[in-house]
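Hi,

Here is the structure I promised to pass on. Have a look at it first, and then read on for what turned up.

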Amino acid sequence: MTGIGSDWYTRAGKRISCSLVRDWPNVPVERAQGCYAYGPNGEKYLDFCSGMASANTGHCHPRVVAAIKEQSERLLHGPMGVLLYEPIVKLAEELATVTPAGLDSFFFLNSGSEAIEGAIKLARYVTERPAIVAFTGGFHGRTMGAASVTTSKSKYRRHYEPFMGSTYFVPYPYCFRCPLGLEPDRCGVKCFRLIHDLFDHCVQPSDVAAFIIEPILGEGGYTPAPPEYLAMLRKACDEQGIMLIFDEVQSGFGRTGTMFAAQGTGVTPDIMAIAKGIASGLPLGATVTSTALMSKWSTGAHGTTFGGNPVCCAAALATLEVFREEDLLNNVKERGNRALEYLKGLRDRYPSIGDVRGRGLMIGIEMVKPGTNREPDPTAAESVLKGCLKRGLILYPAGTYSQVIRFIPPLIVSEEDLELGLRILERAISEI
Ligand SMILES: Cc1ncc(COP(=O)(O)O)c(C=O)c1O
């Protein structure tokens, strides 16, 4: 690369951990607005990675920027507990009107991983039980507790053992790659039996504090869990006094056409971890539960210095206003239906696309080697991502082998930009 920004790589390589800088596509930008990011030499990118599913209202939404400016002149930092500021109170009140029924109490934190840590600690605290059961393929973050329940790729776990104790796994109900080799519509959700196997062989239900699951698997492959499976999990948790934790860090905040994916499945968890889109890109997360359960978490049992920062809360309040004023959920439904229909059409025409699935604007396109039994094809996925970037479209991979393409435009995406993105994607697919 030449021009402004070309030396940023060498400078970053010298001073910023290489663990952080070498991701895809890592293009230099100097500003971003709405669905577009702009490079320092006039480059223009249609960003359908949306700040990794965080810039749901698009980059730098004017209403969000105005709220940040205004709040930053009043109060930059509390922390809550030392100074009490209205934005955090108001945010909790407003969020309680959009979260699944009964989940109306919030512990604000700084990130998705922290929201997961909070969820795990809360579940252990209130049940006084040790074990946490997670799902193979799940991604919950990179702090030690969150990494302990993360299995989307083994590289996230390498050299970090020993992890948090009493952690168990059962296969995620990933229908395209059914753990029992069954076909989704005729399977009778037999994979749920694997949970009973776990109880029979590895851990008694009375020792389990929580199940933690992404209702739609994110990093692990962009695939929704069947609602029947989640309903069965809910029932098992109720019968055994186990907390059900939904990780809605990626699937939450309008991405799937309802404020949270839980609302689209008819299953309400006991605890939810939320982050990413809630403050349009500013660092904010929350562990969410019922007032009754939260009241059992005694003062000081958990804490934070920066969590619920006033500027982030102001950004989150403005984000909620954008949802209401621009009817974003409706936009997600309309654009999501169109995208899914278009992409399923591509699947029918291109044998290298094994599966297209998703809800709203959280869609996964899984690449396979044609003529094989669904053998994952990360090389094909990579060529598609490169072909898209060459034409100015940023997309991002997912899946254990990076064989899935995430299709996650900002939720404000217009019809024109969506069509443009879909056409570029089709061109790139047609070239492999
Ligand atoms: C489902 C899910 N949970 C947790 C996390 C961790 O969030 P963070 O990177 O903000 O710590 C992520 C991040 O991608 C995620 O997708």
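Let's start with the ligand: 14 residues surround it, and the closest are S111, G112, S113, G141 and V249 (near means that the C-beta atom of the residue, placed from the backbone, lies within 6 Å of the molecule). Please keep in mind that this is a predicted model, in which local features need pLDDT of at least 70, side-chain atom pairs count only at pLDDT 80 or more, and totals for chains, interfaces and linings use all residues. Residue numbers run from 1 along each chain as its sequence is written.

Helix α6 (residues 112-127) gives the largest share of the shell around the ligand, three residues. Helices (H or I, at least four residues) and strands (E, at least two) are DSSP runs, numbered from the N terminus. By class, the shell has four nonpolar, seven polar and three charged residues (Ala, Val, Leu, Ile, Met, Phe, Trp, Tyr, Cys and Pro count as nonpolar, Asp, Glu, Lys and Arg as charged, and the others, Gly among them, as polar).

Next, the sheet. Seven strands form an open, mixed sheet in the order β4-β12-β11-β10-β7-β5-β6, where two strands pair if DSSP finds at least two bridges between them. β4 (105-109) and β6 (167-171) are at the edges with a single partner strand each, so one side of each has no neighbour in the sheet. From one strand to the next, the twist averages 20° (axes are lines fitted to C-alpha atoms, for helices over the stretch in contact, and angles run from 0 to 180 degrees between N-to-C directions).

Within this sheet, β11 (residues 271-274) pairs with β10 (residues 243-247) in the parallel sense over three bridges, with F246 opposite M272. On β12 (residues 285-289), β11 has an antiparallel partner joined by four bridges, and there A273 is bridged to T287. I271 and A273 on one face of β11 and M272 and I274 on the other are all buried (20 or more other C-beta atoms within 10 Å of the residue's own, C-beta atoms being placed from the backbone).

α6 also comes back here: it lies across β4, β5, β7 (208-213), β10, β11 and β12, at about 30° to β12.

Finally, the domain assignment gives domain 1 (6-60 + 327-430) and domain 2 (75-325); such bounds come from an automatic or database assignment. 29 residues of domain 1 are in contact with 30 of domain 2 (C-beta atoms, placed from the backbone, within 7 Å).

Best wishes

Terms used. A residue is buried if 20 or more other C-beta atoms lie within 10 Å of its own, exposed if 12 or fewer, and partly exposed in between; C-beta atoms are placed from the backbone. Two residues are in contact if their C-beta atoms, placed from the backbone, lie within 7 Å.
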